[in-house]
Amino acid sequence: AGYKGRMVDILKGTRDNWFRPADVCVAPDGSLFVTDWYDPGVGGHNQRDLDRGRLFRVAPPKHRYRVPKIDVSTPAGAIAALKNPAFSVRYLGYRALVSMGADAVDATRGLATAADADPRHRARAVWVLGRLPGQGTAAVALALADRDPDLRTVGLRLARQLDLDVIPLVGRLLDDPSPRVRRECLVALRTSTSARVPDLWGQLARRHDGRDRWYLEALGIAADRRWDACL
């Protein structure tokens, strides 16, 4: 995949040159915590201060730190945890939903198909749904039919994790309007031993616009070890 990014200065050590941010994580309330290795030197053996450090919390003005109540004993509570910006809380929600099995299907599918939900939340729900008993194939089909190309990409990745046959799935997505989805199709073909791979590769290759470098790389990933057949 290829991405364009921009730098946003959330913290900037303009008044203290000893500022050495070492890690960042999202807290359960959505604020950021940044650990600061407070030291004047970086690299080698030039550590001059082993006894001090700082912890910064970044949040909007007057936003008091409150950890929200987390109750994953019900499907609704676990879904709420799954939406949380903190990895640790999301993990609790994920584990709870998977352990509920069939009892979590309706709530999880509801989030996965909610038209007004954040696409990230819907993607998390698709991952969970794919792990629930008897829901793997349905979860993949649901994601592949989604209007959001990111969700269609998730569907292909979920299919690979579940060891489903990706060949018919790729066949359905050959004309997908999103190049990122077609790139994911190519990546999915890499490990397939199907005799249909060269034909599918050729059809996807013909849809390359001649400019997308990441698409070209994906073509190479898929054709590796079988270039003659593909070409």
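1. Helix packing first. In this predicted model, helix 4 (residues 119-131) packs against helix 5 (residues 136-144) at an angle of about 155°, and their axes sit 7 Å apart. Angles over 145 degrees count as roughly antiparallel, so helix 4 and helix 5 are roughly antiparallel to each other. As for handedness, the crossing of helix 4 and helix 5 is left-handed.

2. Who makes that contact? On the helix 4 side, V126, L129 and G130 take part, and helix 5 brings in G136, A139, L142 and A143. By residue class, the contact of helix 4 with helix 5 splits into 5 nonpolar and 2 polar residues, with no charged ones.

3. Now the strands. Strand 1 (residues 21-26) and strand 2 (residues 32-36) run antiparallel as a pair, joined over 5 bridges. The two strands make a hairpin, with 5 residues between them. Have a look at G30 while you're there: this turn residue has a positive phi of about 95°.

4. Strand 2 has another pairing too: strand 3 (residues 54-58) lines up with strand 2 in the antiparallel sense, again over 5 bridges.

5. In strand 2, V34 is the bridge partner of V24, and in strand 3 the bridge partner of V34 is F56. That makes V34 a handy place to start when you trace the bridges from V24 and on to F56.

Technical notes: Residues are numbered from 1 along each chain as its sequence is written. This is a predicted model: local features need pLDDT of at least 70, side-chain atom pairs count only at pLDDT 80 or more; totals for chains, interfaces and linings use all residues. Side-chain values use heavy atoms; hydrogens and water are left out. Axes are lines fitted to C-alpha atoms, for helices over the stretch in contact, and angles run from 0 to 180 degrees between N-to-C directions. Helices (H or I, at least four residues) and strands (E, at least two) are DSSP runs, numbered from the N terminus. Angles under 35 degrees count as roughly parallel, over 145 as roughly antiparallel, 65 to 115 as roughly perpendicular and the rest as oblique. A crossing is left-handed if the near helix is turned anticlockwise from the far one by less than a right angle, and right-handed if clockwise. Contact means heavy atoms within 4.5 Å. Ala, Val, Leu, Ile, Met, Phe, Trp, Tyr, Cys and Pro count as nonpolar, Asp, Glu, Lys and Arg as charged, and the others, Gly among them, as polar. Two strands pair if DSSP finds at least two bridges between them.
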